[in-house]
Amino acid sequence: MAQFHGQLFLRAEARADGQTAIGAQAFRAPYHVSKPYWDTETRTLLVQVVNPTAGILSGDRLESSVEVAPGAAMLLTTPSASRVFKMREGEANSTQRFVVESGGWLEVLPEPVVPHRGSVFHQRTELIVAADGAAFYADLLLPGRVAHGEAWEWKKLVLELDVRRDGERLLHERFEQDGAGLRALAALAGAGEGACFGNAVVIGPGLGAETAPAWRDQLHALHTDGVWLGASQLRLGGGWSIKFVAPDGVKLKQTLNAIRRILTPLCPHLACDARKL
């Protein structure tokens, strides 16, 4: 079976008229980039990265590098879930690097990762933000093909996230778990067989100035109806880490949308609708 070494490079730049446009791009299979859409209301460039193959297979290596130049604003999303298929041997790897330069904004809002039975997947993500840049990054994880009665059956999943702002490391976290282990943790939290996980980071000037801002109470108010949510300030007051668990995929997305709405007064580009494409 074919193995892909996919590569993606995107650089968003601010034009003289203030609009953001793609200033440079390069990609090869399985990556494909849709035609960008300029959202006039939020002044954000909306870009979809498409994987036209069925999903991620053993031996696949995916490398992406995305840059936002000074004054530019971009929302990067995907149209469908990233399915990591069953592997008899080997593993698949993804390396992501996101850089936001001075005065830039980047939102990374992919559809969920869905690890199938026996899969091994390792994703490394770097988020590097300038002192006066801002970003929102989210990762969503589903337990498997729940509709087919398959959940928590992947072999190994590793998700690493490293966040830096103005050269200082704000966060480094590594999640490594097999399906059975995460199923046990979900049960411990009172979540059911379909429990889904979300991990978000918001970075921006002034966002960490208060240790207990009023909007954090609004986030914590989402901690109800089967949803667990916690928000923690990052070191150096550089931003916030938001983790949430929902009883199913629908509730997970609803919670993420609610988080974005609550943070929109602080980060107006979050009002951009990823589904406009």
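This is a short chat about a predicted model.

Student: Where do I start? What sheet do the strands form, and in what order?
Tutor: Start with an open sheet of seven strands. The order is β2-β1-β6-β9-β12-β14-β15, and the pairing is mixed.

Student: Which strands stand at the edges?
Tutor: β2 (20–28) and β15 (168–177) do. Each has a single partner strand, so one side of each is left without a neighbour in the sheet.

Student: And what does the twist average?
Tutor: The average is 5 degrees from one strand to the next.

Student: Take β1 and β6. Parallel or antiparallel?
Tutor: Parallel. Strand β1 covers residues 5–14, strand β6 covers residues 61–68, and eight bridges pair them.

Student: Which residue is the bridge partner of His5 in β6?
Tutor: Arg61 is the partner of His5 there.

Student: What actually holds strands of a sheet together as pairs?
Tutor: Backbone hydrogen bonds pair them, in either a parallel or an antiparallel way.

Student: Moving along. Where is Gln96, and is that residue buried or exposed?
Tutor: Gln96 sits in strand β9 (residues 92–100). Gln96 is buried, at a relative accessible area of 15%. The cut-off for buried is under 20%.

Student: What is Gln96 in contact with, leaving aside neighbours within four places in sequence?
Tutor: Ser64, Gln123, Arg124, Thr125, Glu126 and Tyr137.

Student: Now the backbone. Which residues does a cis peptide bond join?
Tutor: Ala29 and Pro30, with omega at about 10 degrees. Pro30 is in the loop between β2 and β3 (32–33).

Student: What about phi of Trp152?
Tutor: Trp152 is not a glycine, yet phi is positive, about 60 degrees. Trp152 is in the loop between β13 (134–141) and β14 (156–165).

Student: And phi of Asp166?
Tutor: Also positive in a residue other than glycine, near 50 degrees. Asp166 is in the loop between β14 and β15.

Student: Trp152 and Asp166: buried or exposed?
Tutor: Trp152 is buried, at 4% relative accessibility. Asp166 is exposed, at 55%.

Student: Back to Trp152. How many aromatic pairs does the whole structure have?
Tutor: Four. In one of them, the rings of Trp152 and Trp154 have centres 6.0 Å apart and planes at 45 degrees, so that pair is tilted. Both Trp152 and Trp154 are buried.

Student: How do Trp152 and Phe197 pair? Stacked or edge-to-face?
Tutor: Edge-to-face, at 6.2 Å centre to centre and 85 degrees between the planes. Trp152 is in the loop between β13 and β14, while Phe197 is in strand β16, so the pair ties together parts 45 residues apart in sequence. Phe197 is buried, like Trp152.

Student: What do the ring pairs link into a cluster?
Tutor: They link Trp152, Trp154 and Phe197.

Student: On to helix α1. Which residues are buried?
Tutor: Gly179, Leu182 and Ala186, in a helix spanning residues 179–188. Seen down the axis of α1, the buried residues fall within an arc of 70 degrees, so they line one face.

Student: Why can residues three or four places apart do that?
Tutor: An α-helix has 3.6 residues a turn, so such residues point the same way.

Student: What covers the buried residues of α1?
Tutor: The cover includes β13, β15 and β16 (196–203). The face turned away from that buried side carries the exposed residues Ala187 and Leu188.

Student: Last one. How far apart are Asp273 and Leu46?
Tutor: In sequence, 227 residues; in space, 8.6 Å from C-alpha to C-alpha. Asp273 lies in the segment after α3 (249–263). Asp273 counts as partly exposed, at 36% relative accessibility.

Conventions. Residues are numbered from 1 along each chain as its sequence is written. This is a predicted model: local features need pLDDT of at least 70, side-chain atom pairs count only at pLDDT 80 or more; totals for chains, interfaces and linings use all residues. Side-chain values use heavy atoms; hydrogens and water are left out. Two strands pair if DSSP finds at least two bridges between them. Helices (H or I, at least four residues) and strands (E, at least two) are DSSP runs, numbered from the N terminus. Axes are lines fitted to C-alpha atoms, for helices over the stretch in contact, and angles run from 0 to 180 degrees between N-to-C directions. Buried means under 20% relative accessible area, exposed over 50%, partly exposed in between (1.4 Å probe, protein chains only). Contact means heavy atoms within 4.5 Å. The arc is that of the directions from the helix axis to the C-beta atoms. Rings of Phe, Tyr and Trp (its six-membered ring) pair if their centres lie within 6.5 Å; planes under 30 degrees apart count as stacked, over 60 as edge-to-face and the rest as tilted.
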